[in-house]
Amino acid sequence: MNISYNWLKDFLKIDVELEKISNILTDIGLEVEAVYKYQQYKGGLKGLLVGKVLTCIKHPNADRLKLTTVDIGNEEPLQIVCGAPNVAKAQTVIVATVGTTLYPNNGDSFKISKSKIRGELSQGMICAEDEIGIGDSHDGIIVLNSKFNPGKKVSEIYKSYEDNIFDIGLTPNRSDAMSHFGVARDLRAALMQKKHNFELITPSVSSFYINSRSNKIKVKVQNSKLCKRFTGVCIENIKVDKSPEWLLNRLKSIGLTPINNVVDITNYVLHELGQPLHVYDLKKVKTSSIEVKTLKKGTLFTTLDGVERKLNDTDLMICDGNTPMCIAGVYGGDHHGINTETTSLFLESAFFDPISIRKTAKSHSINSDASFRFERGIDIQLVEYALKRAAILICEVCGGEICSDIIDEYSNKIEEKSILLNYKKTNNLIGQTIPEEEIKSILTSLDFKINNITETGVGITVPSYRHDVTRECDVVEEILRIYGFNEIKLSNSLSISINSIETNLYYKLEKSISGYLNSLGFNEIMNNSLTNNTLNLFNRNSIEIINSISSDISKLRTTLLESSLKTLKYNLNRKNKNNKYFEFGKIYEKLKDSNSEKRRLSIVFSGEIAAKTWYNKSMVADFYTLKNIVTNLFLKLNLSTKERTIEHDGFEKSIGLYLNKKRLALIGLISKELNKEFDINQEVFYASLDIDEILNSMSNNFKKYKPISKFQPVKKDMSFIIDENVDYSEIKDELLKTQIKNLTDIDLFDVYEGDKIGDNKKSYAMTFTISNREKTLNDKEIHFIMDKIEKKLKNKFNAILRDK
């Protein structure tokens, strides 16, 4: 936001160094990102002098050039080659001397140098208007009044308006400072704190006068929630023309392009007071009735930029009866706008609901100065004052006369916000004791009204323009902002915030898992939680973002799988076919009465896991390798899970790892149909771990150690024929559950299916580990254990030992 120093001086009669003002503004939260000098005539017309043409003859070597001698007050005149058709002897002209830099209206700046033009020496340049930036004409050179003596500085004839501009990086909450008046108001409070008392001068509206009541416009606000206040007035006998010099300079200095005197005045008041205004050609208002309402969805409306837009049924419109004239607070209409033929107008000043304006502006991709301010909230008490201010200026500049009473639709008055400020709490939050009288002085300088004073604090009323101050801590921040952050002394003690046990455990778990996966060559990724959830992979109800800036990020993700596959596709498109990565993230789901938020870990495994070399074949990612990785991860966390084959949407085959009937992980091969949605042409293996359930299942001390037994374990292999629908995990769980003494582990090393063992049968070859921590087992004890295993499997699964 650009703020003019000269403009600030209209409100505060200050004479303080520019750098000091810049530092003060930054200290109070209005960060000055840059300060630059504005000149009406760029370069300040330096190096330009008045010259008298002594001689003017035709150039000997060019038909269209002339050779002149020009007196610029020096002992010797200058010889200058000139191509202007109107140059003549005895003229008083403007000369750019050698070394002068010119800033033309069109093109880059250039420096005047001594040169030869068609063989003749030229020691300067006789200038046209557009060549020095004081006008647009290039028909010929500027011919001055002969009263000016040669050698006089041109900058003394054409007074260049100059200003210093603060480029302020304003935070969204500070809507009160989106004007010169707002910045001056804050600056005054800061200067008062530094014992510099300045009066805040507000533009007078006492000259507002109703010349007649010949025009009567009725205003009807149909939705007072969206339009809390609407004011307007009619002005006639105006002349739409170019703005006066002072107005042009003010607008140009802050980067605005002047349009005409009426529109320029509304823009001037906008940047002066922060109140957006809009004008309508009164003769084009056919019904003499202005209605503020929403229209049917799909209604066509052409805005000032000539674009035809389809309205939403939530867009608030200013209408001429049922004919839309303006998108309220956002953009005007093409038909009811003013032009050079306008002689009477209706001036509008209103307060529109910030949320409604933001939705409308984003919906139509419009970002205007008006919507920028309405979105953040303006001062509802300033609405009528700004209307009067603009009306007075229009009458002064455009020759208008006010021809109606002020219309003010303000039925539901906004209640004042009251806050009780406690001195002790204020000092505790700031970390330093501020005298009570100084606190009250700061509050008064910021327009906080003090209603009552007690021994412990003060009761205050918040100014209507401070929408961001709603709590006691907000008031404390305001006090500290003006008191000065730099005035707070550093403490010798060091305070540390300690995270909760739950938070520490989560980060401990995340660090442990990350370290494990990193050691296996996996990379960590991070995707946006916002998505469009087009596929809705698991048919979960999405949580939609209110007023999303784009449909692509309008919902919270319901799974990490979709974003993981998008990442895989991104890498595959860039010829990176071997991918091993993981992501910690949250998933969200809309439930009947609430919203769900859960933590997940996704693991993607695809392509080669070991490249082909001269001594080794390449190894490709597969289901069992990923399963082994996840299983070992749980063992690392001291979690003993059970495996179960399940069917799951999006997977060709999948298993779940369970602990006490709670699923901790899902592992599977992504289906071909889902791969096709992402144009993926290779197998993708995926695991999803429920971090919340893992945390609930873990012990704080999840690392346990046992000494290695000094007695040698015994390993025995047996092969059983079983029904094909029996999983190995069921066999292992059953044997370990029965706690056969000295049976410590079971491993599957071969699976066989074929005609040698019969239909609907398969063979599991397993290694059984038998160990005792107190002695070496003899053959009899070992055979007893193996017989017990055989009987258990025969009784439970009708298993047949293949060796018998």
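**Close-up 1. Helix α7 and the residue after it.** S365, which follows α7, has a positive phi, near 55 degrees. Helices (DSSP runs of H or I, at least four residues) and strands (runs of E, at least two) are numbered from the N terminus. The model is predicted: local features need pLDDT of at least 70, side-chain atom pairs count only at pLDDT 80 or more, and totals for chains, interfaces and linings use all residues. Residues are numbered from 1 along each chain as its sequence is written, and side-chain values use heavy atoms, with hydrogens and water left out.

**Close-up 2. The buried side of α7.** Helix α7 spans residues 354-363, and its buried residues (under 20% relative accessible area, 1.4 Å probe, protein chains only) are S356, I357, T360 and A361. They lie on the same side of α7 because they cover an arc of only 125 degrees around the axis, taken from the directions from the helix axis to the C-beta atoms. An α-helix has 3.6 residues a turn, so residues three or four places apart point the same way. The buried residues of α7 pack against β20 (316-320), β21, β23 and α8, where contact means heavy atoms within 4.5 Å.

**Close-up 3. The second largest pocket.** This pocket has a volume of about 730 Å³. A pocket is an open set of points on a 1 Å grid over the protein atoms alone, with protein on both sides within 12 Å along at least five of seven lines; lining residues have an atom within 4 Å of a point. Points are joined across faces, edges and corners, and a volume is the space filled by probe spheres set on the points. Of its 30 lining residues, V263, N267, L277, H278 and L304 lie nearest the centre. Helix α6 gives the most to this lining, four residues. The lining divides into 17 nonpolar, 11 polar and two charged residues. Ala, Val, Leu, Ile, Met, Phe, Trp, Tyr, Cys and Pro count as nonpolar, Asp, Glu, Lys and Arg as charged, and the others, Gly among them, as polar.

**Close-up 4. The largest pocket.** The volume here is about 1800 Å³. Among the 48 lining residues, T641, E643, Y728, S729 and K732 are the closest to the centre. The lining of the largest pocket holds 17 nonpolar, 10 polar and 21 charged residues.

**Close-up 5. The largest cavity.** A cavity is a set of grid points where a 1.4 Å probe fits but cannot get out. The whole structure has one cavity of 30 Å³ or more. The largest cavity has a volume of about 50 Å³ and is lined by D176, R185, D186, S445, L446, Y465 and R466.

How values were computed: Buried means under 20% relative accessible area, exposed over 50%, partly exposed in between (1.4 Å probe, protein chains only).
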